[in-house]
Amino acid sequence: MSAATPLPQERRLVTAIPGPKSQELQARKLGAVAAGVGTTLPVYVSRANGGVLEDVDGNSLIDFGSGIAVTSVGNSAEAVVARATEQLAAFTHTCFMVTPYEGYVAVAEQLNELTPGDHEKRTALFNSGAEAVENAVKIARSYTKRTAVVVFDHGYHGRTNLTMGLTAKNVPYKQGFGPFAPEIYRVPVAYPYRWLTGAENCAAEAAAQAIDIINKQIGADNVAAIIIEPIQGEGGFIEPAKGFLPAIVEYAKANGIVFVADEIQTGFCRTGQWFACDDEGIVPDLITTAKGIAGGLPLAAVTGRAEIMDSAPGGGLGGTYGGNPVACAGALGAIETMKSQDLNGKAQRIGEIMLGRLKALQEKLAGSDTVNIGEVRGRGAMVAVELVKPGGKEPNPEVTAAVAKACHAEGLVVLTAGTYGNVLRFLPPLVMPEHLLNEGLDIIEGAFSRV
């Protein structure tokens, strides 16, 4: 059976999770792979397609993770496999900086067209989200001739030295890995659920605080870039209060600061729109993308205003594998799939189902003396629940971990997140059939009832 042959879209458990073959492979992993490379669920996958993952023991698991929002078009999507296979047979690499090829140009054209704004744009391709963010900083500094970079509480931007410095959360991303790059400054974000004076005041007060810190502690004339995720991913799927992002964009524009939208997790139909910025009509100067861009193949990009992108000197951008031809072919296949199957519409439908059922679960748990769902939030197929201890908003990471473990045991892949470790995040493939989506939600409800 080929990798592209569709798998039955059903959950099937024939062993405990993880099964004996997965346990054997995990023992090999512990002896061969660096201990710092963690694993959420040590189930070793042999095939994957649509909304399921099949492991080496023959179990079929429902996938609410999508490889952290990567396989939005599903694993082994037909157009991705076909285009990548054709490219593999033609050639695997030449390095675009040495002898270029059409696929890189075609991906750049697609990104220039799809990303927010109708201004003239340019794109540069890279390997990973962190690399895209690093290059966005390079480009912004080249254009503005300034050095300071402003980021936000609860933000996540990567694991390289510079992007670790941009990332807010210490453990496990930063602990023991410093010193970090200089000229990085952190300001408050509009986190409605935890804003002390109430969600209704959040946008205006958070924007005023952030701008005040920039003006007083950094100086607007020293800031090259302001970087933010339109919905913060690892921070816990925090959607800034409406009005916050437009206020920050307006401030950046008034002060000649490059506004960078990190859409690495939110982009490519994940939120029910091509990009999360579209929700409030935000037009970033630069936008970074990766994850869902290429159907599981490693590719990332920086796309932005032509005058900003073109400010970097010749040879200043690039990398040996950046815009690899096979990854570019996969990206063209992924974008074709998103368009032809209306994955924005499917993401919106997933959001309707998930938010409705999770809010009902929140109400059901309201009287529990064990755990409460403090907030259900998200857009499209990017949904989360924040778990708190009964009677207040104190984070409950212990129960969060227990619920995730219970889901895993029943064959549902879920992820945790959040600065406080108390958020369950759900990122199902956008092609997931509704019966699997609802079965996964049944498992989540059952997991809560057992903790």
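This is a predicted model: local features need pLDDT of at least 70, side-chain atom pairs count only at pLDDT 80 or more; totals for chains, interfaces and linings use all residues.

Colleague: What makes the contact between Glu-410 and Arg-11 a salt bridge?

Modeller: The closest N and O atoms of Glu-410 and Arg-11 are 3.9 Å apart, and the cut-off asks for a side-chain nitrogen of Lys or Arg within 4 Å of a carboxyl oxygen of Asp or Glu, so the pair qualifies. Glu-410 sits in the loop between helix 12 (397–409) and strand 13 (412–413), while Arg-11 belongs to the segment before helix 1 (20–32), so the bridge ties together parts that are 399 residues apart in sequence.

Colleague: Why does Asp-285 count as buried?

Modeller: Asp-285 has 15% relative accessibility, which is under 20%, so the label is buried. The side chain of Asp-285 meets that of Arg-305 in a salt bridge of 2.8 Å, N to O. Asp-285 lies in the loop between strand 8 and strand 9 (286–289) and Arg-305 in strand 10 (residues 300–305), so this pair ties together parts 20 residues apart in sequence.

Colleague: How do you know that Arg-349 and Glu-434 meet in a salt bridge, and where do they lie in the chain?

Modeller: Their side chains come to 2.8 Å, N to O, which is within 4 Å, so the contact is a salt bridge. Arg-349 is in helix 11 (residues 343–364) and Glu-434 in helix 13 (residues 434–450), 85 residues apart, and the pair links distant parts of the chain. Arg-349 has a relative accessible area of 38% and is partly exposed, and Glu-434, with a relative accessible area of 38%, is partly exposed as well. The structure holds 24 salt bridges, and Glu-10, Arg-12, Arg-47 and Glu-54 are linked in a network of them.

Colleague: How do you know that the buried residues of helix 8 line one face?

Modeller: The buried residues of helix 8 (residues 244–254) are Phe-244, Leu-245, Ile-248, Val-249, Tyr-251 and Ala-252. Seen down the helix axis, these buried residues fall within an arc of 160°, so they line one face of helix 8. An α-helix has 3.6 residues a turn, so residues three or four places apart point the same way. The face turned away from the buried side carries the exposed residues Glu-250, Lys-253 and Ala-254. What covers the buried residues of helix 8 includes strand 5 (148–152), helix 7 (199–218), strand 7 (223–228) and strand 8 (258–262).

Colleague: What makes a space in this structure a cavity, and how many of 30 Å³ or more are there?

Modeller: A cavity is a place where a 1.4 Å probe fits but cannot get out, and the structure holds two of 30 Å³ or more. The largest has a volume of about 50 Å³, and its lining, which includes Pro-230, Lys-242, Asp-279 and Arg-379, divides into four nonpolar, no polar and five charged residues.

Notes. Residues are numbered from 1 along each chain as its sequence is written. Side-chain values use heavy atoms; hydrogens and water are left out. On a 1 Å grid over the protein atoms alone, a cavity is a set of points where a 1.4 Å probe fits but cannot get out, and a pocket is an open set with protein on both sides within 12 Å along at least five of seven lines; lining residues have an atom within 4 Å of a point. Grid points are joined across faces, edges and corners, and a volume is the space filled by probe spheres set on the points. Ala, Val, Leu, Ile, Met, Phe, Trp, Tyr, Cys and Pro count as nonpolar, Asp, Glu, Lys and Arg as charged, and the others, Gly among them, as polar. Buried means under 20% relative accessible area, exposed over 50%, partly exposed in between (1.4 Å probe, protein chains only). Helices (H or I, at least four residues) and strands (E, at least two) are DSSP runs, numbered from the N terminus. The arc is that of the directions from the helix axis to the C-beta atoms. Contact means heavy atoms within 4.5 Å.
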